[in-house]
Amino acid sequence: MKNNEAKVPSGRLSRLSKMGGLASRLAGNVLFEGAKQLSKGQSPKLQQLVMTPSNIGHVAEKLSQLRGAAMKVGQMLSMDAGDLVAPELAEVLAKLRSDAKVMPHKQLTTLLVQQWGTDWLAPFAQFELRPFAAASIGQVHVAYLDTGEKLAVKIQYPGVRDSIDSDIDNVATLLKVSRLIPANVKLDTLLAEAKAQLHNEADYHFEAEQITLYQQHLGDDPTFIVPKVYQQLSNDSILCMQFVAGTPIESVAQASQEVRNLVASRLMELCFRELFEFKLLQSDPNFANFQYQADSQKIVLLDFGATRTISDTLSQGYMQLMLGAIAQDKQQMAMAAQQIGFFQDAIDPQQKQLIIDIFYQACEPLRAQGDYHFGNSDLAKRITKAGKAMSTQQNEWHTPPTDAIFIHRKLAGMYLLAAKLNAKINVNQLFLKVSSQSKHNC
């Protein structure tokens, strides 16, 4: 892991200099490449000059060194823009999702002394300085208490919280200069949401509170494990949790059809419960946030920093939207979409119908009688194609409420996971079960 170490620049000036150095290097490369092509009688476009393979590598490298906001905005863009971004930018985003560098040991120990004091090792029988996981805003270490309890200690990179807004603004400038953001992606709205989201994710007190809420909602549910938090060792920059062993959720793809169906069904049902019963949504469907214990057949839930509260109005709107889709009642779906907030302004009837048709298509698994075979479905491709068609009429499109975007992301994530596991699920049955229970509870 030594080769994947890089000191995290913690001050605003040092972080800005990273971006400034990147801009200078890109400009130099652009001039060199431009001169080379002109000498051959070619007329290169600026976008082609900016995003050469060499420059793509420099962009991804610098953004991954900044971690935090720089990586987060790239990750959010990759999910929101999807296939609509240029292949060159998609390559940068793919690198950002997979290339989180870790702190060198010296920077790590300095940070631990700052957070816990010079005797920071005192509570532990052992503390592994080499992290077993690294992401956009922090890295995770194994530690053991004197009692023998095994912990997962999430440590936030220095400077991340204080530089969120400026980092995102710097990245936005870079993305705009590169001219690789398609016109139909409302970058300013996306960046404002990235800031709000990251401020929450960088507050480990917030995440600890969300973990407690999930434990309360799930109660003694035998299906799921939510790691407990060690409050006395945690603060807003360090989160100490019970270490729960599990295998990556994708490994279930190698299990029997019965196990694959069971795991996918349980996660789909949990998604419906979040939306209609808990009114609390863990909105990041990254596969890494789910693990599986084959011996106990339990699903481990991880990472609650992206949890969002869902309003009663939004919850009821989606229930009516899905019920309308099941009943093939597009008028009911249109009324529900209005309640959710999709048609707040005047909208062309043809465009409105196009949006309802996409919703109707996305609810295909809900309308299936019996099991829906996600592995054999091309639903994701069809929805993407319909979205592209709609994006060509950008002047008619109205951005939905932010929470709605995250709900769609979570549902899409569950669909993708079910497809990855080649699962067959009776989605209609799961939805009707949860919706009837939530109505009863009301």
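1. Strand β5 (residues 224–225) runs parallel to strand β10 (residues 298–301), and two bridges join them. Strands here are DSSP E runs of at least two residues, helices are H or I runs of at least four, and both are numbered from the N terminus; two strands count as paired if DSSP finds at least two bridges between them. Within this pairing, Phe224 has Ile299 of β10 as its bridge partner.

2. A word on the basis of these notes: this is a predicted model, where local features need pLDDT of at least 70 and side-chain atom pairs count only at pLDDT 80 or more, while totals for chains, interfaces and linings use all residues. Residues are numbered from 1 along each chain as its sequence is written, and side-chain values use heavy atoms, with hydrogens and water left out.

3. Strand β10 also pairs with strand β9 (residues 290–293), this time antiparallel, through four bridges. Phe290 sits opposite Leu301 of β10. The hairpin of β9 and β10 has four residues between the strands, and Gln297 there adopts a positive phi near 60°.

4. Phe290 turns up again around Met414, which touches Leu267, Met268, Cys271, Pro285 and Phe290, leaving aside residues up to four places away in sequence; contact means heavy atoms within 4.5 Å. Met414 belongs to helix α16 (residues 402–420). Its relative accessibility is 4%, so Met414 counts as buried (buried is under 20% relative accessible area, exposed over 50%, partly exposed in between, with a 1.4 Å probe and protein chains only). The C-alpha atoms of Met414 and Ser265 are 9.6 Å apart, although 149 residues separate the two in sequence.

5. How many salt bridges are there? The count comes to eleven, taking a salt bridge as a side-chain nitrogen of Lys or Arg within 4 Å of a carboxyl oxygen of Asp or Glu. One of them joins Lys154 and Glu207, whose closest N and O atoms are 2.8 Å apart. Lys154 lies in strand β4 (residues 150–156) and Glu207 in helix α9 (residues 204–218), so this pair ties together parts 53 residues apart in sequence. Lys154 is buried at 13% relative accessible area, and Glu207 is buried at 1%. Lys154, Glu207 and Asp303 are linked in a network of salt bridges.

6. For a local pair, see Glu277 and Arg273, with closest N and O atoms 3.1 Å apart in their salt bridge. The two are four residues apart in helix α10 (residues 257–278), which means that about one helical turn separates them. Glu277 is partly exposed at 26%, and Arg273 is buried at 15%.

7. Buried residues in α11 include Leu314, Tyr318, Leu321 and Met322. Just after α11, Gln328 takes a positive phi of about 55°.
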